[in-house]
Amino acid sequence: AVHARGVFIGVFLLTAVLLSTVFIWPVFPDCFIEGVGLTRFKIVSEYVICLIIGAALALLHLKRDLLDQKVYVFIAISIIFTIGAELAFTFYISVYGLSNIIGHFFKLISFFFIYMALIWSGLKRPYLTLFRSLKEKEKRLEEHNEHLEQKVIERTRDLKSAAHEFESLFNASQVGMMVLM
């Protein structure tokens, strides 16, 4: 609880400082200048955002086995449209221009796929969303159980064979003792 509180306070303070650089102290760089267009800061920032989102997509791809296949696809499509939107925002000349409109449509499509991934799958198929980890563990336990059953069958067969050999030796030794008597 102390750790979570510290993280919350840290994020709150960082957010307050960043917002202050925009609204209180005029140190945040301009992103758009009327009559000139986008500034270098805005364009570079959008590319950095695209790289970060692309890294998130790569990480999602590496961890795709932890998600339901449809949820993975919906989130991946959402991320791809978000990257497309950010790239579209690097080209606009006017806030009413085609590139800006395309960027906002891509954002809308991205949010739709987030909706599909989280809300739809969580409400329509909550058992898959909530119990995926449990199902995976159950599957691994069944596989392990089958392996153990196979081992028991092999050991039982080995024991029967050894018992048969022992019985044969015991009977042979009894015959030998009877001959000696």
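A salt bridge here is a side-chain nitrogen of Lys or Arg within 4 Å of a carboxyl oxygen of Asp or Glu. Helices are DSSP runs of at least four residues, numbered from the N terminus. The model shown is predicted. A search of the whole structure finds 2 salt bridges.

**View A. Glu 46 and Lys 42 pair within helix α2.** Their side chains meet in a salt bridge, 2.5 Å from N to O. Helix α2 spans residues 40-62. Glu 46 and Lys 42 sit 4 residues apart in this helix, so about one helical turn separates them. Both Glu 46 and Lys 42 are buried.

**View B. Glu 86 and Lys 107 form a salt bridge.** The N to O distance is 2.8 Å. Glu 86 belongs to helix α3 (residues 69-88) and Lys 107 to helix α4 (residues 98-124), so the pair ties together parts 21 residues apart in sequence. Glu 86 has 8% relative accessibility and therefore counts as buried. Lys 107 is partly exposed, with a relative accessible area of 22%. Side chains of opposite charge can pair when their charged atoms come close.

View C. Helix α1 (residues 2-23) gives the most to the patch, with 4 residues.

Technical notes:
Residues are numbered from 1 along each chain as its sequence is written. This is a predicted model: local features need pLDDT of at least 70, side-chain atom pairs count only at pLDDT 80 or more; totals for chains, interfaces and linings use all residues. Side-chain values use heavy atoms; hydrogens and water are left out. Helices (H or I, at least four residues) and strands (E, at least two) are DSSP runs, numbered from the N terminus. Buried means under 20% relative accessible area, exposed over 50%, partly exposed in between (1.4 Å probe, protein chains only).
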